[in-house]
Amino acid sequence: MNYDVVVAGAGTAGLFAAYRLAKAGLKVALVDMKPEDKVGEKVCGDAIGDHHFKSVGLEPPRVGVDATGLFEGVRVYSPSKKAYVTARGVGYALDRKAFGQRLFRMALNAGAEFYGEHFVIKPIVEESWIRGIVVKGPNSVKEIRGKVTVEATGAAGAVRNKLPGEWWISEKVPKEDYNAAYRVVAEVEEEQDPRYAIIYLDVNIAPGGYWWWFPKGKHGVNAGLGVRPDPEAPNPKHNVEKYIVPKIEEAGGKILHAGGGIVPTRRTIPCMVWNGIVAVGDAACTANPIHGGGIGPSLESSYQAARTIVEALERGEPTLEALWPYHRRYHQAYGAKQAGLDALRIYLQSLTNKELDFVIEKGIVTDRELSEMGYEGKLVDSIISKATRALTLLTKPGLLREIVAAKNYSDEAIRLFENYPETPDGYLAWREKEKALFAEIKKQFWGR
C-alpha cells in the first residue's frame with residue numbers, strides 16, 4: 001500500500017491529476033467513495049469553455065460521445081429580461097458521466113490503481129508531513145501511503161480540513177464564499193436553441209448568485225440556481241421548484257435527475273500545498289467566482305499540480321518548498337484572473353435588480369467587454385467611460401464611484417496574485433495583504 005502519489009477523489013481534478021502523474025511514470029493510487037461505474041456522476045451545470053482544453057493539452061469532448069451540445073457563447077439577461085449581453089466563445093454542454101468515465105479510463109490506462117467505494121477517514125500525519133490517508137473500504141480500514149497526497153475531494157475538503165490547524169493549507173473558507181446550488185436535468189418537447197448557455201440575474205430568485213438554463217442539445221436542458229448562504233436566503237431547491245420547474249413543465253419537460261451541492265465561488269485558498277500534499281479543484285477553491293464553473297479550472301489546477309509534483313519527486317523530497325512553485329504556475333495560468341473576478345463577484349452580489357437592469361439595459365457592458373472580463377478577470381476602461389456618461393446624466397454618482405472602486409479592487413487583486421511569493425518565506429506578509437484587501441472589499445460593498 002505504498003505509492004508515489006495518493007489521489008483522494010475521482011472528480012475531474014482527481015482523475016486528470018491521476019492521469020498526468022501515472023503517465024509520467026509514477027505509481028499512483030486513485031481513491032474515491034464511488035464504485036467504478038459511478039465515477040463521473042456529479043451535480044453541476046455541465047458547461048465548460050473550449051479554451052480550457054487547449055490550455056492543458058486535453059482532447060476536447062465530442063458531441064454524441066462525452067458532450068451533448070456545442071455553445072457559441074453565454075447570454076446574460078437583466079432581471080427584467082428586457083435586455084441581455086453575450087460573452088462569445090466556444091463551449092461544451094458535457095455528458096458529465098461520459099466525460100468523467102473518459103478521464104477515468106485515461107488514468108487507468110496510464111497505470112493508476114483504483115480503490116472504489118473507499119471513504120477517507122483521516123490523513124496520515126507524521127510530524128509536519130502528510131504521508132497518505134486512512135480509508136474505509138467495503139471490508140476493512142486500511143492505510144494508503146504516498147510520498148505525495150493530492151487533495152481532490154471537492155468542496156468538502158475531506159483531507160485538508162482534517163489537517164493540523166497551524167498548517168497554512170488547512171485554513172477554513174468563510175461560509176459566505178460558497179454558493180448553495182440545486183439543479184435539474186430534463187428532456188423537453190419544446191425545441192431549444194443549443195447555441196447559447198443562458199444566465200438570468202435576479203436577486204429575488206437567486207440572491208447572491210443567478211439562475212441558469214443550459215440547453216443540452218435541442219431537447220435537453222440543465223437548469224438550476226445558486227444562492228449565497230445566508231440566514232435569510234431561500235432554500236435553492238425550493239426556488240428551483242417554485243420558479244424553474246414550472247418553466248420545464250411549460251416546455252413539455254420530464255425531469256431525469258435532480259440534486260444539489262455546495263460550490264466555492266471565490267479566489268483560491270491562500271496556500272494550496274504543505275509537506276507532502278497538494279490541493280486541486282474545488283478542494284482548493286479554483287472555481288470561477290462569477291459563474292461558478294469549476295470543471296475547466298480544476299483541469300488547470302491538476303495540470304500545474306502534476307507538473308510540480310513530478311519535478312519535486314525527481315529532485316528529492318516533496319517538501320513545502322519543493323511544491324511551492326505550484327502556486328505561481330496556477331496563478332499565472334488562471335488564479336490571478338480568478339482573484340480579480342472574486343473582487344467583481346463581491347461587488348455584483350451587492351447590487352439590486354434595479355441596478356443590474358441599468359447596467360445591462362443601458363449598454364454599459366457590451367458583448368466584447370463581457371468576453372474580455374471573462375478572459376482577463378477585470379473591468380475594462382471602456383465600461384468606466386460609458387458608465388461615467390450614463391450615470392452623470394442620471395445623477396447617480398454613488399453607483400459610478402462603486403463601479404470605479406470595483407475596477408480598482410479587481411486590478412489590485414490581480415496584481416497581488418500575480419506577485420505571489422516565490423518561496424514560503426514571503427507567505428505570511430503576502431497573506432496579510434490578501435486578507436486586508438478582501439476584508440476591505442467586503443466592507444465596502446456588502447456594507448452598502
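Predicted model: local features only at pLDDT ≥ 70, side-chain atom pairs only at ≥ 80, totals over all residues.
Reader: What makes the pair Trp167 and Trp274 stacked?
Author: The structure holds 23 aromatic pairs. In this one the ring centres are 5.6 Å apart and the planes meet at 20 degrees. Pairing needs centres within 6.5 Å, and stacking needs planes under 30 degrees apart. Both values pass, so the pair is stacked.

Reader: Why is the pair said to tie together parts apart in sequence?
Author: Trp167 lies in the loop between strand 9 (141–151) and strand 10 (178–187). Trp274 belongs to strand 15 (residues 273–274). The parts are 107 residues apart in sequence, so the pair ties them together.

Reader: How do you know whether Trp167 is buried or exposed?
Author: Its relative accessibility is 4%. Buried means under 20%, so Trp167 counts as buried.

Reader: And what makes Trp274 buried?
Author: Trp274 has a relative accessible area of 11%. That value also falls under 20%, so Trp274 is buried.

Reader: Which residues do ring pairs link into a cluster with Trp167 and Trp274?
Author: Among them are Trp168, Trp324, Phe417 and Trp430.

Reader: What puts the charge of Arg267 over the ring of Phe438?
Author: The charged end of Arg267 sits over that ring, 3.8 Å from its centre. The distance limit is within 6 Å, alongside an angle limit of within 35 degrees of the ring normal.

Reader: Why does the radius of gyration agree with a compact globule?
Author: For 448 residues, the globule rule gives a value near 22 Å. The chain has 22 Å, so the two agree. Buried residues make up 57% of the chain.

Technical notes
Residues numbered from 1 in each chain as written. Heavy atoms only, no water. Phe/Tyr/Trp six-rings, centres within 6.5 Å; stacked < 30°, edge-to-face > 60°. Helix = DSSP H or I, 4+ residues; strand = E, 2+ residues; numbered from the N terminus. Buried < 20%, exposed > 50% of the residue type's maximum accessible area, 1.4 Å probe, protein only. Rg over C-alpha atoms; globule rule 2.2 N^0.38 Å.
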